[in-house]
Amino acid sequence: QEARDHPTKATMATTNKYDRQLRLWGAKGQRALGDTEVVLVGASAAGTETLKNLALPGIGSFTVIDDAFVSKHDVASNFFLPTVGRARAEAAAEFLVELNP
């Protein structure tokens, strides 16, 4: 049989990982999401939570822009910023990438 009759491991992994989305908007919609680039300006709790909700279903890439450093207030209010003194953009991006490498 021809190779196209057998799904590749990469295709199967993507299909399994994004099964719910594929049922909602199909392969074309998932590809469109995968081609999406998002910029988050300010790694606030609301911003990182929103970006998390885009990263999990498979956005293609994201950039976090924030020149502040993690404060005690950030640690108390933002799950993605656990360490005081780190750059907020770097800390948020690191955790968000772990959700969907």
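Asp-19 and Arg-23 sit four residues apart in helix H2 (residues 19-34), about one turn of the helix; helices here are DSSP runs of H or I with at least four residues, strands are runs of E with at least two, and both are numbered from the N terminus. The two residues form a salt bridge, with their closest N and O atoms 2.2 Å apart (a salt bridge being a side-chain nitrogen of Lys or Arg within 4 Å of a carboxyl oxygen of Asp or Glu). Asp-19 is partly exposed at 30% relative accessible area, while Arg-23 is exposed at 63%; buried means under 20%, exposed over 50%, and partly exposed in between, using a 1.4 Å probe and protein chains only.

All of this comes from a predicted model, in which local features need pLDDT of at least 70, side-chain atom pairs count only at pLDDT 80 or more, and totals for chains, interfaces and linings use all residues. Residues are numbered from 1 along each chain as its sequence is written, and side-chain values use heavy atoms, leaving out hydrogens and water. Mean pLDDT (the predictor's confidence in each residue, from 0 to 100) is 83, and 85% of residues reach 70 or more. Residues 1-13 fall below 50, and beyond near neighbours in sequence this stretch has two contacts in the model, a contact meaning heavy atoms within 4.5 Å.

As for the overall layout, the protein has five helices and two strands, running α-α-β-α-β-α-α along the sequence. Of its 101 residues, 30% are buried.

The structure holds six salt bridges, and Asp-66, Asp-74 and Arg-88 are linked in a network of them. Arg-88 meets Asp-74 at 3.0 Å, N to O. That pair ties together distant parts of the chain, with Arg-88 in helix H5 (residues 88-99) and Asp-74 in helix H4, 14 residues apart. Both Arg-88 and Asp-74 are buried. Asp-66, in the loop between strand E2 (61-65) and helix H4 (72-77), is buried as well, at 15% relative accessible area. Its side chain makes a 2.6 Å polar contact with that of Arg-88 and reaches the backbone nitrogen of Ala-68 at 2.9 Å. A polar contact is a pair of N or O atoms within 3.5 Å; within protein, one must be able to donate a hydrogen and the other to accept it, and residues adjacent in sequence count only if both atoms are side-chain atoms.

Another salt bridge joins Glu-94 and Arg-86, with the closest N and O atoms 3.1 Å apart. Glu-94 is partly exposed at 37%, and Arg-86 is partly exposed at 22%.
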